[in-house]
Amino acid sequence: MFDNAKISIFAGSAGRVFAERMCRYMEHPMGSSEVITFSEGNTFVRVNESIRDRDVYLVQPIGMHSNNEFVEILFWMDAIKRANALSATLVMPYFGYGKGDKKDEPRVSIRARVCAECMELAGADRFVTMDLHAQQIQGFFKKPMDHLYAMPMLLEVIKRLPYVDNAVVVSPDAGYAKQARKFASALNLPIAIGDKERTDHTENAEVLEVIGEVNGKNCLIVDDFTISGGTLVNLADSLKKRGAKHIAAFLCHNIVSQNGVRKINDSPIETVFSTDTVDNPNIIGQEKFKTVSVAPMFAETVMRFYNYESINSMFSKLPEKTVQAGFELAGLKL
């Protein structure tokens with residue numbers, strides 16, 4: 001049985017909805033805290049209750065406002081440690097700076113590594129995150145990390161679709177093909193791969209070719225995230241030209257911009273399913289965008305950690321209560 005008397009859960013300014021969903025699943029009250037942003041841009045954070053000798057969890061993605069959210073994490077970690085917490089765990093559903101995972105040009109920063117070191121120096125003892133942009137980013141962190149995957153929850157969504165038969169899983173590029181094959185294998189479906197070229201940092205890429213048979217098929221595009229929507233739309237156009245029928249996209253994270261929403265609304269994509277790792281106001285009220293919550297997966301991870309139970313086994317078979325909570329908390333009906 002999970003003993004919730006040992007922990008405290010707090011939310012940063014970008015993680016409140018996610019933290020509330022975690023707490024509902026765990027039947028645990030969320031701690032009282034506050035964030036104030038002053039007129040000149042300075043950020044002030046405060047924990048409003050005693051956390052001495054407690055294991056503290058801070059929920060804060062780095063997503064829609066990356067710089068502010070990252071700096072806020074540093075202040076939270078410092079505040080938690082100065083309040084004599086036993087440990088400080090950062091629940092970071094989305095790590096936006098994970099895109100800066102390599103030095104592939106002269107005179108550039110490896111931003112993901114810089115962020116990892118700063119968060120650890122500020123006091124983070126452990127990390128819980130989901131679908132990093134590249135697996136090797138875990139090597140930037142010296143402290144323990146629980147790296148979760150959205151795939152089990154997204155698979156539950158796909159299995160409930162009326163057009164999952166006669167479908168093909170589509171990766172937007174070769175870089176995501178390995179993960180796409182895992183989706184295809186779990187669903188016993190074939191795979192197709194987009195040949196994508198990116199020439200600059202404008203967040204736009206061109207799909208040059210599609211490798212695989214899509215004519216007369218229902219296409220399930222899988223990717224880790226989208227910002228501009230450009231790759232998804234270009235790929236959907238290419239699939240449609242090659243005879244695809246239903247086209248849906250499945251994203252681990254959704255940080256799409258307002259312009260990206262407009263592009264997708266005008267595209268052949270029928271629905272974009274994504275998780276709630278980022279609280280994105282741009283998709284609220286948009287009929288094409290649907291969300292499933294992975295907050296129960298994060299909550300289940302915390303509970304299993306305290307009960308000395310396997311976390312890895314959760315990815316092979318999600319507990320039914322976790323699946324149902326993921327649908328209900330996000331209001332997803334299929």
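Predicted model: local features only at pLDDT ≥ 70, side-chain atom pairs only at ≥ 80, totals over all residues.
Visitor: What classes of residue are found in the lining of the second largest cavity?

Guide: There are 4 nonpolar, 2 polar and 2 charged residues. Ala, Val, Leu, Ile, Met, Phe, Trp, Tyr, Cys and Pro count as nonpolar, Asp, Glu, Lys and Arg as charged, and the others, Gly among them, as polar. Residues are numbered from 1 along each chain as its sequence is written, and side-chain values use heavy atoms, without hydrogens and water.

Visitor: Why is this space called a cavity?

Guide: Because on a 1 Å grid over the protein atoms alone, a 1.4 Å probe fits there but cannot get out; lining residues have an atom within 4 Å of a point. The second largest cavity has a volume of about 40 Å³, the space filled by probe spheres set on the points, which are joined across faces, edges and corners.

Visitor: Which element gives the most to this lining?

Guide: Helix H8, with 3 residues.

Visitor: Why is H2 called roughly parallel to H3?

Guide: Helix H2 (residues 66-82) and helix H3 (residues 111-122) pack at about 25°, with axes 8 Å apart. Angles under 35 degrees, on a scale from 0 to 180 between N-to-C directions, count as roughly parallel, so H2 is roughly parallel to H3. Their contact (heavy atoms within 4.5 Å) involves residues including Phe-70 of H2 and Cys-115 of H3.

Methods. 1 Å grid on protein atoms, 1.4 Å probe; cavity = no way out; pocket = protein on both sides within 12 Å on 5 of 7 lines; lining within 4 Å. Helix = DSSP H or I, 4+ residues; strand = E, 2+ residues; numbered from the N terminus. Parallel < 35°, antiparallel > 145°, perpendicular 65-115°, else oblique.
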